[in-house]
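This report concerns a single protein chain and one position within it. The sequence and coordinates are shown below.

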Amino acid sequence: VQLQASGGGLVQAGGSLRLSCAASGRAFRNYYMGWFRQAPGKEREFVAAISWSGGIIRYADSVKGRFTISRENAKDLVYLQMNSLKPEDTAVHHCAASGRLTSSKDGYDYWGQGTLVTVSS
């Protein structure tokens, strides 16, 4: 499956952005989807994941209550709504696909190129 993330940009602290990830290739609905992010000089870290049905969702503690992951299987899209953004959210955000629900980046088989989110203070 091929993945392409979009929707990043520059936003002030406290603002919002919605990221989208478009999938193509193999049946999107068969995959669990995740969002990860990587700030300069740091390891890639888990942000959120969603099961194929959308019935099971996980978030990193750092984004709970601020970010919402969702998906539209009919359109092969997954979203990350980011509210109350903080400067520490600045990173390249990647979407990824896995055969299971996991917060480990090693559990994901397919990755998109990422979209940059920059939050100014």
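The sections that follow treat the basis of the model, the overall fold and the surroundings of one histidine.

## Basis

The model is predicted: local features need pLDDT of at least 70, side-chain atom pairs count only at pLDDT 80 or more, and totals for chains, interfaces and linings use all residues. Residues are numbered from 1 along each chain as its sequence is written, and side-chain values use heavy atoms, without hydrogens and water.

## Overall fold

The protein chain contains 0 helices and 11 strands (DSSP runs: H or I of at least four residues for helices, E of at least two for strands, numbered from the N terminus). Its radius of gyration, taken over C-alpha atoms, is 13 Å, close to the 14 Å that the globule rule (2.2 Å times the number of residues to the power 0.38) gives for 121 residues, so the chain is as compact as a globular protein of that length. The C-alpha trace spans about 40 × 25 × 25 Å along its principal axes.

Of the 121 residues, 45% count as buried, meaning under 20% relative accessible area with a 1.4 Å probe, protein chains only.

## Histidine 93

Histidine 93 lies in strand β9, residues 91–98, and is buried, with a relative accessible area of 0%. Its side chain reaches the backbone oxygen of alanine 91 at 3.1 Å.

Leaving aside residues up to four places away in sequence, histidine 93 touches Ala5, Leu19, Trp35, Phe36, Arg37, Leu80, Met82, Gly114, Thr115 and Val117 (contact: heavy atoms within 4.5 Å).

Notes. Buried means under 20% relative accessible area, exposed over 50%, partly exposed in between (1.4 Å probe, protein chains only). A polar contact is a pair of N or O atoms within 3.5 Å; within protein, one must be able to donate a hydrogen and the other to accept it, and residues adjacent in sequence count only if both atoms are side-chain atoms.
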